[in-house]
Amino acid sequence: MSNNPNHVHFTEWNKPHVETYGEKAKLGINAVKGLAVLTCQDTRVNPQSIFGLADGDAHWIRNGGGIVTEDVLRTLVIAQRFGGVHEIVVVRHTDCGGTHFNKEIMYNKFAAESPAGLELVKKMEFDGFGELGVEGGVRKDVKTLKESPLFLEDTIITGWVYEVETGKIVQVA
C-alpha cells in the first residue's frame, strides 16, 4: 500500500475542473449523441478521446475487459430507457490485462493473498477475456446484445477493437 495516497490531493486536483466547468452544468441526463459505450477499465483506454466525443455525448460503461455482464445489461437498459440511448458501442482493446490470466490463476492468487475472500471471488466471472480473442469477444458480446429482448428493435449495436499500440480503432462487428 502506498504511503502517499492520491485522495488527499483530490480537492486540489479538482480546482482546474471547477474553473472550466461553465456550460457543462447545463448538460442533462440524456446522451447528446444517443450513445452508450461499453469498454474496459484499462488506463490506456480513454473512450471520449478515442472517438472524439465531448462531455455529455455518451454514457460511459466500464468494467474489467469491457464485457457484457448482468450489471452491464442493467446499466444499458437504464441508459436506453431514461438516458436517450439509441446506439450501443462495444469496445475492447489489444493487450488487455484480462487476457493474461484465467479463473484458475485468479483463484490461486486470491488463495495466496486473501484466502478469506476466496469463496466470494469464485462466484465472480473471470472467463471470457482471452478464449475467443479480442475480436471474437467483441463479436460475441455484440451478438448477445442484438439478440437480447431488453433493447428496442431499432437500436444500433456495433463492436470495435482499439489498438493500444497505435491508437487506431477498427470496427469488427
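Reply: I50 sits in helix α2, residues 47–50. Helices here are DSSP runs of H or I of at least four residues, strands are E runs of at least two, and both are numbered from the N terminus. The model is predicted, so local features need pLDDT of at least 70 and side-chain atom pairs count only at pLDDT 80 or more, while totals for chains, interfaces and linings use all residues. Residues are numbered from 1 along each chain as its sequence is written, and side-chain values use heavy atoms, with hydrogens and water left out.

The C-alpha atoms of I50 and K168 are 8.1 Å apart, although 118 residues separate the two along the chain. Setting aside residues up to four places away in sequence, I50 touches V45, Y162 and I169. Contact means heavy atoms within 4.5 Å.

Next, the rings. The structure holds two aromatic pairs. Rings of Phe, Tyr and Trp (its six-membered ring) pair if their centres lie within 6.5 Å; planes under 30 degrees apart count as stacked, over 60 as edge-to-face and the rest as tilted. F10 and W13 have ring centres 6.1 Å apart and planes at 50 degrees, so this pair is tilted. The rings of F51 and W160 also pair: their centres are 6.1 Å apart and their planes stand at 85 degrees, so they are edge-to-face. F51 lies in the loop between α2 and β2 (58–63) and W160 in strand β4, so the pair ties together parts 109 residues apart in sequence. F51 is partly exposed, at 25% relative accessible area. W160 is buried, at 18%. Buried means under 20% relative accessible area, exposed over 50%, and partly exposed in between (1.4 Å probe, protein chains only).

Now the packing. A nonpolar core is a set of buried Ala, Val, Leu, Ile, Met, Phe, Trp, Tyr and Cys residues joined through side-chain atoms within 4.5 Å. The largest one has 18 residues, and I61, L76, I88, V138, L145 and F151 have the most contacts inside it. At least two residues each come from β1 (35–40), α3 (70–83), β3 (87–93), α6 (133–147) and β4 (156–162). Helix α3 gives the largest share, four residues. A second, separate core has 10 residues, including V37, V45, W160 and Y162.
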